[in-house]
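Work through these exercises with the model open beside you. Try each task before you read its solution.

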Amino acid sequence: MKSSIARALMMVSIAAVLQAMTVPATAQSFPGVGIVMTYNVNEGTDFEQVVGTASLQDFLLGVGQVITQVQGTNPPERMRAVAGQIIAAQPELLSIQEIDQWYTGTFDPVAGTCGTMTLEYDMVQELLTDVKARGGHYTIAAQVPQYVFPPTPGLIPPTDYICVAVNDYNIILARTDLPSAVFQWSNPQTGQFVNELVLPTPIGSVPLPRSWASVDAQFFGHPFHFINTHLESFDPNIRELQGGELRSGPAVSSLPVIIAMDSNAQAFPLPKDPTYVDFRAAGYNDVWSRLFPKVAGLTCCQSEPDNNSVSQLYQRIDLILTLGRVDPFGASLIGTDPKSRTKDGLWPSDHAALVADVIVRGK
């Protein structure tokens with residue numbers, strides 16, 4: 001499978017040549033070659049410990065288990081590993097899902113109130129700092145909250161009452177070290193889907209909205225529309241409705257479209273998820289299956305604690321889909337090799353990253 005590293009090196013060479021040119025329009029004589037990537041970096045939990053809890057005690061224990069598991073996944077160390085993978089791939093545009101800010105504080109069970117909350121993990125800033133430290137040049141082109149949980153009480157046995165809060169984001173990262181003749185972006189847009197899952201809990205109903213972000217971009221003067229999203233995982237019917245919302249709203253463009261996402265819609269193995277089938281029926285091409293129709297391309301999922309010694313990837317749900325004049329010519333998976341694990345034996349994420357080399361023919 002073709003690695004994006006060689007393509008990245010070629011892009012750097014082309015960029016150096018164009019940097020010296022006095023007429024940026026010369027870049028338009030080049031094809032619209034570029035690299036895109038999608039990566040769910042794992043917030044450290046799927047919140048399954050609180051899903052379906054019937055009593056307040058079970059809910060409190062579930063919240064305690066959630067934050068304990070998140071702490072065990074060591075987000076700062078994993079973001080350092082993810083940063084290394086981004087530098088190796090050198091995508092111009094990168095969709096990232098499940099990149100969170102986690103807060104913790106004390107809980108007074110008598111008064112029923114949370115104390116001052118302290119930021120424990122800022123995965124967004126940790127990743128940006130680590131990318132910069134490795135010589136990368138990226139900025140947040142678009143950032144959208146997926147869900148925001150306010151301070152919520154929990155219990156770590158036997159008597160450690162705590163409060164936990166989390167802001168979960170989808171972000172688009174864009175390179176900043178290439179001349180505009182080679183790559184540029186504009187028009188960031190964000191939004192949340194109307195169709196959303198609402199989780200009943202002993203402390204009330206908790207909405208679990210999903211969101212999307214987009215930018216318009218150009219590779220060598222060839223324009224396209226780029227979208228990042230993370231569709232519903234728990235309810236396939238809501239997931240299918242969100243896919244329809246995406247196609248009829250944010251993905252409507254006169255430009256070629258690239259969607260780089262954690263779809264939660266199984267493309268492999270059979271049976272294919274209805275949401276995936278819907279995208280294909282609507283004319284979207286699947287980069288991986290187009291290039292490697294006989295290769296599974298598994299992207300999900302390691303154990304949620306990220307500490308399994310043998311890979312447990314079993315399905316392909318992280319997708320790069322295209323519509324219009326976009327042709328893939330290479331793709332690779334990152335984070336599937338046990339050698340990519342951290343020194344503490346953690347996978348960088350429970351997902352593998354998907355990187356694609358594309359040619360956009362927007363003009």
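Buried here means under 20% relative accessible area. The model is a predicted one.

**Exercise 1. Find which residues of helix α6 are buried, and say where they sit around the axis.**

Step 1. Locate α6 at residues 274–281. Its buried residues include Thr275, Tyr276 and Phe279.

Step 2. Check their directions. These residues cover an arc of only 100 degrees around the axis, which puts them on the same side of α6.

Step 3. Recall the helix geometry. An α-helix has 3.6 residues a turn, so residues three or four places apart point the same way.

Step 4. Look for the cover. The buried residues of α6 are covered by elements including α5 (236–248), β12 (257–262), β13 (285–286), α7 (287–291) and β14 (318–323).

**Exercise 2. Describe what happens at the N-terminal end of α6 and just after the helix.**

Step 1. Go to the N-terminal end. Asp273 caps it. A side-chain oxygen of Asp273 lies 2.8 Å from the backbone nitrogen of Thr275.

Step 2. Step back into the loop between β12 and α6, where Pro271 is found. The peptide bond from Leu270 to Pro271 is cis, with omega near 0 degrees.

Step 3. Just after α6, Gly283 has a positive phi of about 100 degrees.

**Exercise 3. Work out which strands stand at the edges of the six-stranded open sheet.**

Step 1. Write down the order: β7-β10-β11-β12-β14-β13, with mixed pairing.

Step 2. Read off the ends. β7 (183–192) and β13 each have a single partner strand, so one side of each is left without a neighbour in the sheet.

Step 3. β13 pairs with β14 in the antiparallel sense, over two bridges. Asn285 has Thr322 in β14 as its bridge partner.

**Exercise 4. Identify which strand gives the largest share of the lining of the largest pocket.**

Step 1. Start with the volume, about 860 Å³.

Step 2. Turn to the lining of 49 residues. Nearest the centre of the pocket lie Asp46, Phe47, Tyr147, Leu208 and Phe234.

Step 3. Assign the share. β5 supplies seven residues, the largest share of the lining.

**Exercise 5. Inspect the backbone at Gln90 and at Phe220.**

Step 1. Most residues other than glycine have a negative phi.

Step 2. Take Gln90, in the loop between α3 (75–89) and β2. Its phi is positive, near 55 degrees. Gln90 is buried, at 16% relative accessible area.

Step 3. Take Phe220, in the loop between β10 (211–219) and β11 (222–230). Its phi is positive, near 50 degrees. Phe220 is buried, at 1% relative accessible area.

Key: Residues numbered from 1 in each chain as written. Predicted model: local features only at pLDDT ≥ 70, side-chain atom pairs only at ≥ 80, totals over all residues. Heavy atoms only, no water. Buried < 20%, exposed > 50% of the residue type's maximum accessible area, 1.4 Å probe, protein only. Helix = DSSP H or I, 4+ residues; strand = E, 2+ residues; numbered from the N terminus. Arc of directions from axis to C-beta. Contact = heavy atoms within 4.5 Å. Polar contact = N/O pair within 3.5 Å; in protein donor to acceptor, adjacent residues only side chain to side chain. Pairing = 2+ DSSP bridges. 1 Å grid on protein atoms, 1.4 Å probe; cavity = no way out; pocket = protein on both sides within 12 Å on 5 of 7 lines; lining within 4 Å. Points joined across faces, edges and corners; volume = space filled by probe spheres on them.
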